[in-house]
Amino acid sequence: MRSTRKFIGLLAIASILLLSACATAAVQAAPTAADAKAPAATVYDGGQEKPSERSITVQGQGTVSAKPDLVTLSLGVQTTGKTAMEALALNSKQMGRVIHAIQGAGIEEKNIQTSGINLYPVYEDRSLVQPGEQREIVGYRASNSVSVTVHDIDKAGSVLDVAIEAGANQVGGVNFGLSDTDTIITDALIAAVKNAQAKAQTIADTLGVQLGAALVVNEEWIERPQARAYFAESAALDSGGFSSPVQGGTVSVTAHIRVTFAIE
């Protein structure tokens, strides 16, 4: 009888412990008020977490064209001599005449800038050398180039003429540009923003949602005026000069942006 009572007592204690453990587990599993208010998702932004937002991200592009108001001419002089000093001396004298002529055509000194000076040896023809023999230096070639900025495109042709007549025997290129690029870049950015807004609105309308404010705007890149150039061989210049008119046409600037809009 005494052992039976002892067994019943132990069984009662075990039941109490089991009920206590179940109650504790139930309390731990129940959501708290703080948990109920937590956002469903978060995004990482600038080192901090914030609630994620429904959004639409689009790319915008805007292009604006304008008539160029300046042109940069690349002109050069190339000379040869038996020695390096002779080639350089001839080149310096000839380039001096070219620069003087350009200034005489109304171009200010500040708009004439040296862009390159080169000196290199001239070797004898390969056909005159036996296999395995080293070619000898037979002279030197010097070249000097200048960039000339002309703020009146109508005068560019005449500047070319006087430079070639004075001894310029290389024309590296003709690049058109704008003296004021800030205005056209601003206009291109405005056009890009409008393009992005139109794209986002089309997407929102198709999805049947309300387009909200812009959340993030990034300037991707700006396509600045591209150089328009032509090249002329010195032989063509020696056989009649360069008298073709210089046509500026138009130059374009394209802005690329990326915009993220909220969805309300």
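Buried means under 20% relative accessible area, exposed means over 50%, and partly exposed covers what lies in between, with a 1.4 Å probe and protein chains only. By that rule Ile 117 counts as exposed, because its relative accessibility is 58%. Welcome to a short tour of this predicted model, in which local features need pLDDT of at least 70, side-chain atom pairs count only at pLDDT 80 or more, and totals for chains, interfaces and linings use all residues. Residues are numbered from 1 along each chain as its sequence is written, and side-chain values use heavy atoms, leaving out hydrogens and water.

**The chain as a whole**

- The protein chain holds 6 helices and 9 strands; helices (H or I, at least four residues) and strands (E, at least two) are DSSP runs, numbered from the N terminus.
- Of its 264 residues, 30% count as buried.
- The accessible surface comes to about 17,300 Å², and 53% of it belongs to carbon and sulfur atoms; areas come from the Shrake-Rupley method with a 1.4 Å probe, and for residues only the protein chains shown count as cover.
- Take the contacts (heavy atoms within 4.5 Å) between residues at least 6 apart in sequence: 82% of them join residues at least 24 apart.

- Ser 143 is found in strand S6 (residues 137–150) and counts as buried because its relative accessibility is 11%.
- Leaving aside neighbours within four places in sequence, Ser 143 is in contact with Val 77, Gln 78, Asn 91, Gly 116, Ile 117, Asn 118 and Gln 170.

**The S3-S9-S8 sheet**

- An open sheet of 3 strands has the order S3-S9-S8, with antiparallel pairing; two strands pair if DSSP finds at least two bridges between them.
- Strands S3 (55–66) and S8 (211–223) stand at the edges with a single partner strand each, so one side of each has no neighbour in the sheet.
- From one strand to the next, the twist averages 25°.
- S8 and strand S9 (residues 251–263) run antiparallel and are joined by 9 bridges; Leu 211 stands opposite Ile 263 in S9.
- Helix H5 (residues 181–207) lies across S3, S8 and S9, at about 145° to S3; axes are lines fitted to C-alpha atoms, for helices over the stretch in contact, and angles run from 0 to 180 degrees between N-to-C directions.

**Helix H4**

- Among the buried residues of helix H4 (residues 156–166) are Val 159, Leu 160, Ala 163 and Ile 164.

**Salt bridges**

- The count is 2 salt bridges, each requiring a side-chain nitrogen of Lys or Arg within 4 Å of a carboxyl oxygen of Asp or Glu.
- Glu 220 pairs with Arg 258, their closest N and O atoms being 4.0 Å apart. Glu 220 lies in strand S8 and Arg 258 in strand S9, so this pair ties together parts that are 38 residues apart in sequence.
- Lys 110 forms a salt bridge with Glu 108, with the closest N and O atoms 3.7 Å apart. Lys 110 is exposed at 69% relative accessibility, while Glu 108 is partly exposed at 46%.
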